[in-house]
Amino acid sequence: MKIIVPMAGRGSRLRPHTLTVPKPLIPVAGKPIVHRLVEDIAKVLDQPIDEIAFILGDPAFFGDDIVESLEGLAKSLNAKASIYRQDQPLGTGHAIMSAKESLSGPAVVAYADTLIKADFKLDKEADAVIWTKKVANPEAFGVVNLNEKNEIIELVEKPKEFVSDQAVIGIYYFKDIAVLKEKLEEVLDENLMHGGEYQINDGIKKMMAEDRIFKTGTVDEWMDCGNKNVTVETNGRMLNFLHQDGEKLISDSVKITNSEITEPCYIGENVELVNAKIGPNVSVGDGTKITDAEVKNSLIQTFAEVRNAKLDNAMIGNFAKFDGNFTQISIGDYSTLE
């Protein structure tokens, strides 16, 4: 089994945090988004992962440190890491085809801007599985249209009239991804574009036209990391799941002076808390110092300094310095507010 992970985009909706860190590497509950996603997919598949193909963008942005991190992730799952580059931002189909040397055999394609919780078995009779989540407002999503056998017969983008309430979340399984590769080659050859991009959906539609069997795999939780607000919300939800599972989230090296922590919280290595109230639903990265502050429902990255603050729904980047009384804030790496 292979996992194909397109992650070339810079994440414009999460700026300024993604000006210096690719969105899939933003930590949620103390671990980068892409690491959590791949590990959770591996658990669902419940079978050995042979290769993980990561599709990155510009080497100047996705540098050697990121490659090393991704290679470590693959090694932790006893898999080979393959690194590919998407030289132009030409859509999801183009990104997948950037890894064409790895497109053979059974594989999962997963876009690294979402997190899941799921427990289901792949349907061995299906040629492909599209993972979905039941939503209350399907008109805001791409959804699947099912026949009487619960097979997917159509993908519908933001339907004006009700089609189904099963939204496509951006994770797909293919019994043989070489079939998708063949269809995406046709998409590129035909220059079939939407908004100037080649889309995976056009390859999937070509497979459906040949009566390939598509089934759904429904996830229990679908957590977006598209912008600051939803990323902070996802951080809180993930912390609650990990806390319920009994995972150790607070480092033994935390220095606590006249401070209290309300769980669930993730507190990294060598964090200093002085006259602080932290939590619930807060992640604090390694080396950060928080003084004379109250912080809840927030995500603070590594080596930041926060003082004289009362923060709620905040996201603060690496090496940032914040001193003030704002209650909602989003500042990027190396920023300073005094």
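## A cis proline in a loop

Pro264 sits in the loop that runs between β15 (260-261) and β16 (265-267). This is a predicted model, and in it the peptide bond joining Glu263 and Pro264 is cis, with omega about 5 degrees.

A cis peptide bond also joins Gly279 and Pro280, where omega is about 0 degrees. Pro280 is again a loop residue, found between β17 (272-278) and β18 (282-284). As background for your own look at these sites, most peptide bonds are trans.

## Positive phi in two loops

Let us turn to the backbone angle phi. In general, most residues other than glycine have a negative phi. Asn270 has a positive value, near 60 degrees. You can find Asn270 in the loop between β16 and β17. Is Asn270 buried, exposed or partly exposed? Its relative accessible area is 48%, so Asn270 counts as partly exposed, given that exposed means over 50%.

Phe319 is another non-glycine residue with positive phi, here near 65 degrees. The loop that holds Phe319 lies between β22 (315-316) and β23 (321-323). With a relative accessible area of 38%, Phe319 is partly exposed.

Helix α2 covers residues 64-76, which is 13 residues. From its first C-alpha to its last, α2 reaches 18 Å, close to the 18 Å expected at 1.5 Å a residue. Its buried residues are Ile66, Val67, Leu70, Leu73 and Ala74. Around the axis they take up an arc of only 120 degrees, so they sit on the same side of α2.

What do the buried residues of α2 pack against? Their partners are α1 (33-45), β4 (51-56) and β5 (80-85). On the face turned away from that buried side, α2 carries the exposed residues Asp64, Asp65, Glu68 and Lys75. Following α2 comes Asn78, with a positive phi near 55 degrees.

## Helix α4 and what covers it

Helix α4 (residues 177-189) has 13 residues, and its first and last C-alpha atoms span 18 Å, close to the expected 18 Å at 1.5 Å a residue. The residues of α4 that are buried are Ile177, Val179, Leu180, Lys183, Leu184 and Val187. Looking down the axis of α4, you would see these buried residues within an arc of 145 degrees, so they line one face of the helix.

Several elements cover the buried residues of α4, including β1 (2-6), α3 (92-97), β6 (107-110), β11 (166-174) and α5 (200-209). Just after α4, Asn191 has a positive phi of about 55 degrees.

## How α4 meets α5

Two packed helices are described by the angle between their axes and the distance between the axes. For α4 and α5, the angle is about 115 degrees and the axes are 8 Å apart. That makes α4 roughly perpendicular to α5, and the crossing between α4 and α5 is right-handed.

Which residues bring the two helices together? On the α4 side they are Val179, Leu180, Lys183, Leu184, Glu186 and Val187. These meet Ile200, Asp202, Gly203, Ile204, Lys206 and Met207 in α5.

Notes:
Residues numbered from 1 in each chain as written. Predicted model: local features only at pLDDT ≥ 70, side-chain atom pairs only at ≥ 80, totals over all residues. Heavy atoms only, no water. Helix = DSSP H or I, 4+ residues; strand = E, 2+ residues; numbered from the N terminus. Buried < 20%, exposed > 50% of the residue type's maximum accessible area, 1.4 Å probe, protein only. Expected span 1.5 Å × (residues − 1). Arc of directions from axis to C-beta. Contact = heavy atoms within 4.5 Å. Axes fitted to C-alpha atoms, helices over the stretch in contact; angles between N-to-C directions. Parallel < 35°, antiparallel > 145°, perpendicular 65-115°, else oblique. Left-handed = near helix turned anticlockwise from the far one by under 90°.
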